[in-house]
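Please look over the model below before reading on.

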Amino acid sequence: MIKKLRKIIAVRLAQNDWAKYAAILQYSHPHEIRSTAEGLALNYFGIEIVKGEHLSILQNYALAKALKDRLNAVFKVDNHQLTILINSLELPIQTPEDLYILNEIWVNGCYNYHLPPEQMHFVIDIGMNVGFASLFFSRTKHPLHIFSFEPFAPTYHQAMINIKRNGASGDITTHNFGLGNAGTFDIEYSETHRGRMGIWGTKLVGEQIHSAKKERIEVRSFTDSIDHIVSKYPTTPVVLKVDCEGAEYDIFEGISNEFLDQVIIVMMEWHVKGPKPFIHQLAQRGFMILSEYKNNPKAGMLYAFKQR
């Protein structure tokens with residue numbers, strides 16, 4: 001009964017948000033948005049949305065415009081599903097975070113590393129989420145292979161759908177477990193905020209959460225999980241992407257010097273505890289480091305590079 005009531009409340013709150021954002025956008029962009037019998041026509045994107053649906057594009061309207069303006073992204077609505085097409089990738093937009101993450105990757109270029117064309121390498125993607133970054137690597141960087149890790153089952157299953165839909169199953173090997181201190185954990189999970197879910201549950205979500213549930217996740221040792229991957233490519237350089245909402249500290253405590261010696265690029269987001277442990281550890285292994293937002297108490301990006 002309580003779960004049903006929470007769901008009803010969440011739906012009604014979302015409907016209220018939809019009406020609020022629709023009114024704001026109609027006022028601020030009168031030539032781009034007009035009311036229809038069923039909802040709104042978003043003329044800028046050439047789509048119509050039904051009242052109460054696709055709140056994500058209303059909340060992040062400016063981000064959606066940036067994707068269209070900068071990348072010639074195409075939006076479409078089919079059977080009530082909002083989808084974006086970028087660089088021949090077809091990706092569903094299901095939460096406001098999806099547009100934010102796509103902007104980070106495709107507009108801001110947070111993972112846009114460059115290597116010489118002849119440089120063979122493979123990618124390890126820790127914190128796969130719904131697969132946007134892994135698909136970006138597959139489509140634009142062409143590594144030998146991508147190994148991706150995501151512990152939350154609902155998020156993982158959506159990643160599998162996205163990867164299969166874009167014909168990248170042969171390029172990306174997925175793992176439905178996290179890396180860090182090994183164990184099984186019951187974690188508070190919000191599907192609306194799945195991009196900020198990790199070992200700390202919903203603690204990194206800054207706004208109110210209307211609907212959450214417990215998800216059981218498996219976490220395995222980094223060394224045990226990565227050894228079998230590295231053994232397939234013992235001399236091939238590694239590009240390491242880490243965005244796992246707090247587990248990065250446990251991961252780097254268990255990471256070996258031998259593995260770091262094989263890594264040539266690290267792209268990671270740190271949370272709450274700051275970047276100092278990573279800067280010290282990577283500098284000792286010969287990396288040059290760029291730390292963004294080092295004075296931000298909550299999160300920041302860290303990049304590390306070296307030549308082999």
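The paragraphs below describe a helix, then ring pairs, then charges over rings.

This is a predicted model, in which local features need pLDDT of at least 70, side-chain atom pairs count only at pLDDT 80 or more, and totals for chains, interfaces and linings use all residues. Residues are numbered from 1 along each chain as its sequence is written, and side-chain values use heavy atoms, with hydrogens and water left out.

Helix 4 covers residues 96–107 and spans 16 Å between its first and last C-alpha, close to the 16 Å expected at 1.5 Å a residue (1.5 Å times one less than the number of residues). Helices are DSSP runs of H or I with at least four residues, strands are runs of E with at least two, and both are numbered from the N terminus. Buried means under 20% relative accessible area, with a 1.4 Å probe and protein chains only. Glycine 109, with a positive phi near 70 degrees, follows helix 4.

The structure holds 15 aromatic pairs; rings of Phe, Tyr and Trp (its six-membered ring) pair if their centres lie within 6.5 Å, and planes under 30 degrees apart count as stacked, over 60 as edge-to-face and the rest as tilted. Phenylalanine 149 and phenylalanine 177 have ring centres 5.6 Å apart and planes at 65 degrees, so this pair is edge-to-face. Both residues are buried.

Trp106 belongs to one aromatic cluster with Tyr111, Tyr113, Phe136 and Phe137. The charged end of lysine 141 sits over the ring of tyrosine 113, 5.4 Å from its centre (NZ of Lys or CZ of Arg within 6 Å of the ring centre and within 35 degrees of the ring normal).

How values were computed: Buried < 20%, exposed > 50% of the residue type's maximum accessible area, 1.4 Å probe, protein only.
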